[in-house]
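Try each one before you read its solution.

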Amino acid sequence: MSDLNTNAFWMPFTPNRTFKSSPRLVERAEGIYLYEKSGRQIIDATAGLWCSNAGHCRSEIAEAIHQQAKTLDYSSIFNFGHELGFEYAERLVQYTPEGLNHVFFGNSGSEAVESALKIALQYQRARGKGTRTMFIGREKGYHGVNFGGISVGGIAPNYQSFGQPVKANHLRHTLDIERNAFSKGLPEFGVELAEDLERLVAFHGADQIAAVIVEPFSGAGGVILPPKGYLKRLREICDQHDLLLIFDEVISGWGRMGSPFASEEFGVTPDMITSAKGITNATVPLGAVFVHDKIYNAVMDAAPDGMVEFFHGYTYSAHPVACAAGMATLDIYEREGLLTRASGDIGKYWEESLHSLADLEQVIDIRNYGLVGAIELRAPDSLKGKFGGKASALAWDAGVMARGIGDALCMSPPLIIETHEIDRLMETLREVISGL
Ligand SMILES: Cc1ncc(COP(=O)(O)O)c(C=O)c1O
């Protein structure tokens, strides 16, 4: 490692100078574990970046990728096609809520979001409501890094660095530690925060708004779960004002919450769902937007015969190798029951284990649902807003990869995690947090 030249690689979302002064490098991975070159084993308590849901280096997926790359590595997807793309899309929509029967493919969560925002605009124009061009997002929301995504997103530094290229306003976030500390599952208080949408509609006028986009739970914002009844109320207000509702399920999809999608888990059906990450178990980049029939049909019907209906797409939309990886991923999810595993005993065990850390004086809140969780730490004044990063660095040294967000340690382990592994994770975290 000492002879590794770290100069050329400009690392994303990383303090490059700090990292390069002491690189933390992963050599290989298997199951829920990462390994350094030295052989040191690290529990991957974040499933990579909330994405390796079936665990690392699954041989079935590797084999499918290999075979596909040897059979059809690539072929144009504009005006030509391949069967695999169609077969995969048909298979994917077996998992989506009723009515979301169409798939638009990209290569990442950011591209899925960008595609969904454009689809929303195209739909509004198609039905003669072309004044509806702005979007409503939410504070602390994360929707990737493209210009639309940062505009609707509500993570301050991402937003402040580049302004607001796409017209958007933001709902208040729903994190309320004072009222909801140590909630198990969905927090009790905060349904009234959905009424904030009424405020924004009254301010801008419904005839200006194309869509509302929220994550069912905020991941990168620090694992913020929706208060009971909140998402349902957002849906009602959207219906009342004829606004599209987009759920960004890039993290919450593919079993994280105990159902294939959080929409199903929470019983609220949006008009579009964005997806990525766990869709291929993070092996090959792939993003997707699941689109309701009413949107697809309106856009198709509005275009003259023989014309492209939607001027948007990526060279690698429905890339054959990504589709093959996605198919193999679905095989594993189905065979091992992973898409609902978090709603069973392991989710309960995760909840109880995580909350067993509540006795630590450094802990001011613990939040969880399915197989996701956050431990909010009491930060000293000098480290407020950055204490999670410190805890994450110490956890890494102790053999755990956990994500520091603000003053919280956030986790989303692979859905294959077993009880003894949760035990070991919590023992390590107890030691790390006690020493803070
Ligand atoms: C909810 C959500 N949307 C979009 C994205 C962006 O995905 P990507 O990094 O693949 O572009 C993320 C990434 O974490 C996410 O959590």
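Before we start, a sorting rule: Ala, Val, Leu, Ile, Met, Phe, Trp, Tyr, Cys and Pro count as nonpolar, Asp, Glu, Lys and Arg as charged, and the others, Gly among them, as polar. Keep in mind that this is a predicted model.

**Exercise 1.** Work out what surrounds the ligand.

Solution. Start with the count: 15 residues surround the ligand, and the closest are S108, G109, S110, G144 and V250. Next, sort the shell by the rule above, which gives 7 nonpolar, 6 polar and 2 charged residues. Last, ask where they come from: helix α5 (residues 109-126) supplies the largest share, 3 residues.

**Exercise 2.** Decide how the radius of gyration of the protein chain fits a compact globule.

Solution. Take the 436 residues: a compact globule of that length would have a radius of gyration near 22 Å. Now compare: the protein chain has 21 Å, so the two agree. Then look at burial, where 48% of the 436 residues come out as buried. As for contacts with a separation of 6 or more, 72% of them link residues 24 or more positions apart.

**Exercise 3.** Find which residues of α17 are buried and which exposed residues sit on the face turned away from them.

Solution. First, the buried set in α17 is I422, L425, L429 and V432. These cover an arc of only 90 degrees around the axis, so they lie on the same side of α17. Finally, the cover over the buried residues of α17 includes β3, α15, α16 and β13.

How values were computed: Residues are numbered from 1 along each chain as its sequence is written. This is a predicted model: local features need pLDDT of at least 70, side-chain atom pairs count only at pLDDT 80 or more; totals for chains, interfaces and linings use all residues. A residue is near a molecule or strand if its C-beta atom, placed from the backbone, lies within 6 Å of it. Helices (H or I, at least four residues) and strands (E, at least two) are DSSP runs, numbered from the N terminus. The radius of gyration is taken over C-alpha atoms; the globule rule is 2.2 Å times the number of residues to the power 0.38. A residue is buried if 20 or more other C-beta atoms lie within 10 Å of its own, exposed if 12 or fewer, and partly exposed in between; C-beta atoms are placed from the backbone. Two residues are in contact if their C-beta atoms, placed from the backbone, lie within 7 Å. The arc is that of the directions from the helix axis to the C-beta atoms.
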